[in-house]
Amino acid sequence: MSRLRLALCQMNATVGDLAGNAERIRAGIEAGRAAGAQVVLFPELALSGYPPEDLLLRAHFLEDTEAKLRELAGASDGIVAIVGFPEHSDGSVYNSAAVLAGGTVQAIYRKVHLPNYGVFDEQRYFKAGETSGAVIDVGVREIGGMHQVGITVCEDLWVAGAPATSEAIAGASLIVNISASPYHAGKGLERERLFAQRAQETGAHIAFCAMVGGQDELVFDGQSFVLDQEGETLARASQFTEDLLVCDLFAGEDEQPSRPLRAPIASREQEVYEALLLGLHDYVEKNGFGSVVLGLSGGIDSALVACMAADALGAERVNVAIMPSPYSSAATQEDARMLARALGLRTHELTIEPVMEAYTQTLRADFARSSADLTEENLQARIRGNLLMALSNKFGWLVLTTGNKSEMSVGYTTLYGDLAGGFAVIKDAPKTLVYRLARWRNDPPAAQALGETGGAPASAPIPTSVIERAPSAELRENQTDQDSLPPYELLDRILHGYVELDCGRERLISEGLPRADVERVARLVDLAEYKRRQAPPGIKITERAFGRDRRMPITNAYRG
């Protein structure tokens with residue numbers, strides 16, 4: 001059996017950018033050809049971007065996509081390219097892989113297993129491909145004259161059995177999987193281990209070609225790989241960046257195979273941090289924003305978001321507003337200024353006390369018979385939200401919100417206040433993870449690790465006092481978060497069970513969590529659904545994020 005050289009083109013597609021995506025694919029074909037590859041792979045729906053959602057309901061979008069595919073086929077002389085695209089045929093839409101060779105579309109494979117859980121809605125849009133012999137006939141092709149290659153699309157290889165086993169039985173010695181697999185923490189290693197099982201089950205090599213990049217709330221982490229038939233990793237692409245992974249298979253004893261890169265697996269903190277950077281960078285770039293702005297309070301959440309904004313976009317594109325009230329301590333204000341200086345951010349000092357007084361005077365008659373309460377606290381957050389939105393409107397800056405998942409879960413947020421903005425960077429990061437990420441970013445090696453992907457990140461920019469100080473919204477005298485919430489270590493344990501694992505109250509209590517805290521937290525989560533519906537989009541990094549993953553009714557009387 002002669003050598004087969006593969007090129008896996010891990011690309012960053014933009015949904016709807018047919019011309020731009022086609023140009024990336026064309027460049028990938030040329031790069032694969034220059035590397036001497038016989039086969040070049042591209043991700044699932046690479047031509048349209050993933051997920052295209054209701055664009056798939058527009059006939060003209062599908063027609064334009066297929067026209068671009070026919071143009072791309074002309075670039076396939078001397079190489080085989082396998083490209084993901086939405087296929088419109090006989091009134092149905094398929095999630096398909098086109099085999100381009102000799103200047104034409106030689107074959108089309110249609111995805112069999114359509115996921116319809118979590119962030120996926122594929123059964124809304126696509127018709128499943130056939131699991132019969134037609135899949136084998138189309139999916140297993142003679143490529144390069146010597147090798148039978150089975151084609152699968154994403155979920156087709158997550159599910160045991162057909163089509164992969166059918167293709168292996170039909171003689172495939174290599175099964176390729178083109179994918180747009182949304183990221184959550186640890187998923188890269190999870191995928192690799194699962195696909196190693198598929199290699200062992202089928203006795204075939206596995207080549208997994210992944211999407212990379214940010215798309216709204218989703219991040220695609222790349223980390224494409226090639227496995228041998230025993231499940232051993234032969235090659236692994238980098239994570240969170242575009243890459244071309246070249247790997248030789250089936251080389252004889254007298255042939256010298258290439259020695260491809262096996263990119264290392266990052267620590268969990270570095271992996272999550274870089275996922276958030278990619279999601280933020282691509283949301284800003286793909287939506288055409290020049291700069292961003294956020295409120296910098298001197299607290300841990302805004303400190304982390306400021307670091308991420310500077311690392312993702314460059315300090316020159318990041319503006320921070322320091323907006324003290326009479327309850328803001330001198331220490332937190334100075335910490336905010338120190339952080340801004342360390343990162344090189346443009347600072348805007350906007351005291352809110354005069355505006356608070358104006359609100360008080362305006363509402364004095366209506367509030368005369370009521371004592372001060374949460375209303376006055378929320379007014380401070382809303383004033384700050386208005387000021388940030390004014391800067392956004394005037395200068396075209398995207399407002400980044402700074403709330404974390406723990407706060408979002410229990411409604412420890414203010415509508416039209418700290419929820420006001422365009423993108424919620426750490427919306428899916430629990431508070432305990434926020435601290436871990438801040439400590440990781442402050443560790444000097446973190447700046448070096450981030451610098452390897454571009455720029456010169458500031459080393460240890462977050463003042464130690466920000467990390468060590470008890471968290472507080474500073475909306476009244478001597479306030480701390482723990483006045484209203486359980487300790488975050490306990491809160492996040494309860495939230496992980498109730499939100500991400502869907503455990504009922506009684507099960508959580510049976511696992512040793514305090515009944516009073518479980519009852520209180522579950523009630524707060526349920527009541528806060530209406531707030532979360534009005535929150536800006538944010539980056540998914542856990543297995544069950546609010547919004548795309550967890551969709552609960554606002555009007556809901558069940559308390560289980």
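# Reading a predicted fold, step by step

Student: How many salt bridges does the structure hold?

Tutor: The structure holds 38 salt bridges, a salt bridge being a side-chain nitrogen of Lys or Arg within 4 Å of a carboxyl oxygen of Asp or Glu. Please keep in mind that this is a predicted model, in which local features need pLDDT of at least 70 and side-chain atom pairs count only at pLDDT 80 or more, while totals for chains, interfaces and linings use all residues. Residues are numbered from 1 along each chain as its sequence is written, and side-chain values use heavy atoms, with hydrogens and water left out.

Student: Which residue meets R110 in a salt bridge, and how should I read such a pair?

Tutor: Side chains of opposite charge can pair when their charged atoms come close. Here the side chain of R110 meets that of E87, with 2.8 Å from N to O. The two residues come from distant parts of the chain, 23 residues apart, with R110 in strand β5 (residues 104-110) and E87 in strand β3 (residues 80-89); helices (H or I, at least four residues) and strands (E, at least two) are DSSP runs, numbered from the N terminus. R110 is partly exposed at a relative accessible area of 28%, whereas E87 is buried at 7%. Those words follow from the relative accessible area, where buried means under 20%, exposed over 50% and partly exposed in between (1.4 Å probe, protein chains only).

Student: Which residue pairs with R191, and are R191 and its partner buried or exposed?

Tutor: R191 forms a salt bridge with D221, at 3.0 Å from N to O, and this pair joins helix α7 (residues 187-202) to strand β11 (residues 218-221) across 30 residues of the chain. R191 counts as buried with 1% relative accessibility, and D221 is buried too, at 0%.

Student: Where in the chain do K405 and E500 lie?

Tutor: K405 is in helix α13 (residues 405-410) and E500 is in helix α17 (residues 488-500), 95 residues apart, and their side chains meet in a salt bridge at 3.0 Å, N to O. K405 is buried, with 3% relative accessibility, and E500 also counts as buried, at 19%. Salt bridges can also join into a network, as they do for R505, E506, R515, E519, D526 and R559.

Student: How many residues does the largest nonpolar core have?

Tutor: A nonpolar core is a set of buried Ala, Val, Leu, Ile, Met, Phe, Trp, Tyr and Cys residues joined through side-chain atoms within 4.5 Å. In this structure the largest one has 56 residues, and those with the most contacts inside it are Y273, L280, M308, L345, L400, V425 and I426. Helix α9 (residues 300-313) gives the most to this core, contributing eleven residues. Apart from that core lies another, of 43 residues, including L6, A164, L194 and L245.

Student: Which residues is I426 in contact with?

Tutor: With contact taken as heavy atoms within 4.5 Å, and leaving aside neighbours within four places in sequence, I426 is in contact with L276, D301, L304, V305, M308, T402, G403, N404, K405 and V434. K405 in that list is the residue that also pairs with E500.

Student: What is the volume of the largest cavity?

Tutor: Rolling a probe the size of a water molecule over the atoms shows where empty space is left. On a 1 Å grid over the protein atoms alone, a cavity is a set of points where a 1.4 Å probe fits but cannot get out, and lining residues have an atom within 4 Å of a point; points are joined across faces, edges and corners, and the volume is the space filled by probe spheres set on them. The count comes to four cavities of 30 Å³ or more, and the largest has a volume of about 130 Å³. Of the 13 residues lining the largest cavity, Y50, P51, D121, E122 and Y125 are the closest to its centre.

Student: Which residues have backbone angles worth a look in this model?

Tutor: Most residues other than glycine have a negative phi, and most peptide bonds are trans. Y50 and P51, however, are joined by a cis peptide bond with omega about -5°, and P51 sits in the loop between β2 (39-41) and α2 (59-73). Another cis peptide bond joins A162 and P163, with omega about 5°. C154, not a glycine, has a positive phi of about 40° and is buried at 4% relative accessible area, whereas Y416, with phi near 65°, counts as exposed at 52%.

Conventions: 1 Å grid on protein atoms, 1.4 Å probe; cavity = no way out; pocket = protein on both sides within 12 Å on 5 of 7 lines; lining within 4 Å.
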